[in-house]
Amino acid sequence: MIEQPNIEGYGPYYTKYNEQTYILKHPLLQHKLTSIRSVETNTDMFRRIVREIGTVMAVELTRHLPIKNKSVETPLAQMFAPTLDCKKLCLAPIMRAGMGLSEGFSDIIPLARIGHIGVYRDHETLQPKEYFCKMPGNLDQRLIILIDPMLATGGSASAAISMLKNRGAATIIFANMVAAPEGIDRVTKEHPDVTIYTIAVDECLDENAYIVPGLGDAGDRTYGTR
Ligand code: PRP
Ligand code: URA
């Protein structure tokens, strides 16, 4: 089984928000997030930049992965060289908006398994509605990266984490781009064993539970729906 990351040694890369939440400081992430916050950014650019963000996040979130040496034959000599020492990761995007971000992750972790989680937020009640879940096997042995760009009330993320745990998941980290304090508090309370990584913690939620200032509706901006 792969362990939750011990990231105490990676101080320069993160700002600690609470005991289990880290804000990624990489300038490329900060810059790209600002670009997609802009109302001027169209669907094409939005989708492209979200994918790029996913790739940089993937690098940041996998710093702690275990490695071992294996024998490899180069054109010139035999040597022992580092290779990953864990079962294939599982990327778990929450549909829809998580899929755009997860493409960037799978660009750089192409062998990762991908499980899809269908949860949407009911517009009237703001409660999460589960409609789909298809996961790879041996979930208990994999590092699972739950992926969703937005953490607002935390209802969707918390429901998705429960869905993963009910299917045997043991080690889950949650990657998102913009978080509201309310959502972090909820996931932290309901799932104290899940590490959260975000790029920004915004001010608050509005009366419709949208993150302010946020970036609007991530699903609609990714897919051009409204
Ligand atoms: C968005 C977002 C999260 C959820 C966050 O999805 O991608 O899944 O809202 O809100 P919460 O923290 O209050 O639950 P949405 O429900 O709009 O579905 P979509 O991706 O299909 O548009
Ligand atoms: N879902 C979004 O896509 N955006 C928000 O601000 C809140 C929930």
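**Close-up views of the predicted model**

**View 1. The buried side of helix α3.** The buried residues of α3 are A97, G98, G100, L101, S102, G104, F105 and S106. Buried means under 20% relative accessible area, exposed over 50% and partly exposed in between, with a 1.4 Å probe and protein chains only. Helices (H or I, at least four residues) and strands (E, at least two) are DSSP runs numbered from the N terminus. The buried residues of α3 pack against α2, β5, β6 (113–114), β9, β11 and α6. α3 itself spans 97–108.

This is a predicted model, in which local features need pLDDT of at least 70 and side-chain atom pairs count only at pLDDT 80 or more, while totals for chains, interfaces and linings use all residues. Residues are numbered from 1 along each chain as its sequence is written, chains are lettered from A and ligands numbered from 1 in the order in which they are written, and side-chain values use heavy atoms, with hydrogens and water left out.

**View 2. The largest nonpolar core.** This core has 42 residues. A nonpolar core is a set of buried Ala, Val, Leu, Ile, Met, Phe, Trp, Tyr and Cys residues joined through side-chain atoms within 4.5 Å. I36, I53, M57, F105, I145, M177 and L215 have the most contacts inside it. β2 (21–24), α1 (27–37), α2, α3, β9 (143–147) and β11 (171–175) each supply at least two of its residues. α2 gives the most, with eight. A separate core of 24 residues lies apart from the largest one, and A92, I144, A160 and V187 are among its members.

**View 3. The surroundings of M57.** M57 is one of the residues with the most contacts inside the largest core. M57 touches L24, L29, L101, F105, A175, N176, Y197 and I199, not counting residues up to four places away in sequence. Contact means heavy atoms within 4.5 Å.

**View 4. The largest pocket.** About 590 Å³ of space lies here. A pocket is an open set of points on a 1 Å grid over the protein atoms alone, where a 1.4 Å probe fits, with protein on both sides within 12 Å along at least five of seven lines; lining residues have an atom within 4 Å of a point. The volume is the space filled by probe spheres set on the points. The lining has 27 residues, and Y120, R121, S156, D217 and G219 lie nearest the centre. β5 (90–95), α3, β7 (116–121), β10 (150–151), α4 (155–166) and α6 (218–223) each give two or more residues to it. By class, 14 lining residues are nonpolar, eight polar and five charged. Ala, Val, Leu, Ile, Met, Phe, Trp, Tyr, Cys and Pro count as nonpolar, Asp, Glu, Lys and Arg as charged, and the others, Gly among them, as polar.

**View 5. The second largest pocket.** This pocket holds about 230 Å³ of space. Of its 14 lining residues, L215, D217, D220, R221 and R226 are the closest to its centre. α2 (43–61) and α6 each supply at least two residues of the lining. The classes are three nonpolar, six polar and five charged residues. D217 is also among the residues nearest the centre of the largest pocket.

**View 6. C90 and C133.** The structure holds zero disulfides. A disulfide is a pair of cysteine sulfur atoms within 2.5 Å. The sulfur of C90 is 9.2 Å from its closest cysteine sulfur, in C133, too far for a bond. C90 is buried, at 0% relative accessibility.

**View 7. Two cis peptide bonds.** The bond from M95 to R96 is cis, with omega near 0°. R96 lies in the loop between β5 and α3. A cis peptide bond also joins V212 and P213, where omega is about 0°. P213 sits in the loop between β16 (211–212) and α6.

View 8. N138 is not a glycine, yet has a positive phi of about 50°. It lies in the loop between β8 (128–134) and β9. N138 is partly exposed, at 39% relative accessibility. Phi of A209 is near 65°, again positive in a residue other than glycine. A209 lies in the loop between β15 (204–205) and β16. A209 counts as buried, at 5% relative accessibility.

**View 9. Y13 and its contacts.** Y13 is in the segment before β1 (14–18). Its relative accessible area is 34%, partly exposed. Leaving aside neighbours within four places in sequence, Y13 is in contact with I23, L24, K25, E60 and R63. The C-alpha atoms of Y13 and T195 are separated by 15 Å, and the two residues are 182 residues apart along the chain.
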